Amino acid sequence: SKGIIGLLEVVLEDFDRTVTTVKKEEKAVKEAFTEFQATNLEDTKTKDDKMKQHENDVARLQDEVVKLTDNLKDAEKLRDEAKKALDILHNECATPEETGDERFASRKKEIAALKQAKSILEGWKD
């Protein structure tokens, strides 16, 4: 009778030791999981916050690109208008270049006209 009871007592001790070991391991795993979960949640929150900030930055930069593109179009339009006005002024103000002989003949006419004006003014005083 001691043989069967002794054997059952050994089995009972093994079960008790197994239960104790499993409970310790379960507690350790549960603590590790709780720590992992807290760290993971904190990391996820940090990454979500960064993602939201990046999304806000992207939206702000897209708005800025649209604004700058509009400004560029306005500036290009003003530049084109200024070029047209400059071309008109250039055509109105620019005279074809004279050759040396043409300039000499013009100066000769101017000198003759000035001499005639001088003689008229001198004759007018008398």
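What share of the 126 residues in the protein chain do buried residues make up? The share is 0%, where buried denotes under 20% relative accessible area, exposed over 50%, and partly exposed the range in between, with a 1.4 Å probe and protein chains only. The structure is a predicted model, in which local features need pLDDT of at least 70 and side-chain atom pairs count only at pLDDT 80 or more, whereas totals for chains, interfaces and linings use all residues. Residues are numbered from 1 along each chain as its sequence is written, and side-chain values use heavy atoms, with hydrogens and water left out.

The protein chain contains two helices and zero strands; these elements are DSSP runs numbered from the N terminus, helices being H or I of at least four residues and strands E of at least two. Its radius of gyration is 52 Å, well over the 14 Å that the globule rule gives for 126 residues, so the chain is more spread out than a compact globule. That radius is taken over C-alpha atoms, and the globule rule is 2.2 Å times the number of residues to the power 0.38. Along its principal axes, the C-alpha trace spans about 170 × 30 × 20 Å. The protein chain exposes about 12300 Å², of which carbon and sulfur atoms supply 60%, as computed by the Shrake-Rupley method with a 1.4 Å probe.

The chain carries 24 positive and 30 negative side chains, and the centres of the two sets lie 5 Å apart. Lys and Arg count here as positive and Asp and Glu as negative, while His and the chain ends are not counted; each charge is placed at NZ of Lys, CZ of Arg, CG of Asp or CD of Glu.

Side chains of opposite charge can pair when their charged atoms come close. Seven salt bridges are present in the structure, each defined as a side-chain nitrogen of Lys or Arg within 4 Å of a carboxyl oxygen of Asp or Glu. One of them links K45 to D49, with the closest N and O atoms 3.1 Å apart. These two residues are separated by about one helical turn, because they lie four residues apart in helix α1 (residues 2–93). K45 is exposed, at 53% relative accessibility, whereas D49 is partly exposed, at 37%.

A further salt bridge joins R79 and D80 at 3.2 Å, N to O. Both partners are partly exposed, R79 at 42% and D80 at 36%. Elsewhere, salt bridges that share partners connect D57, R60 and E64 into one network.
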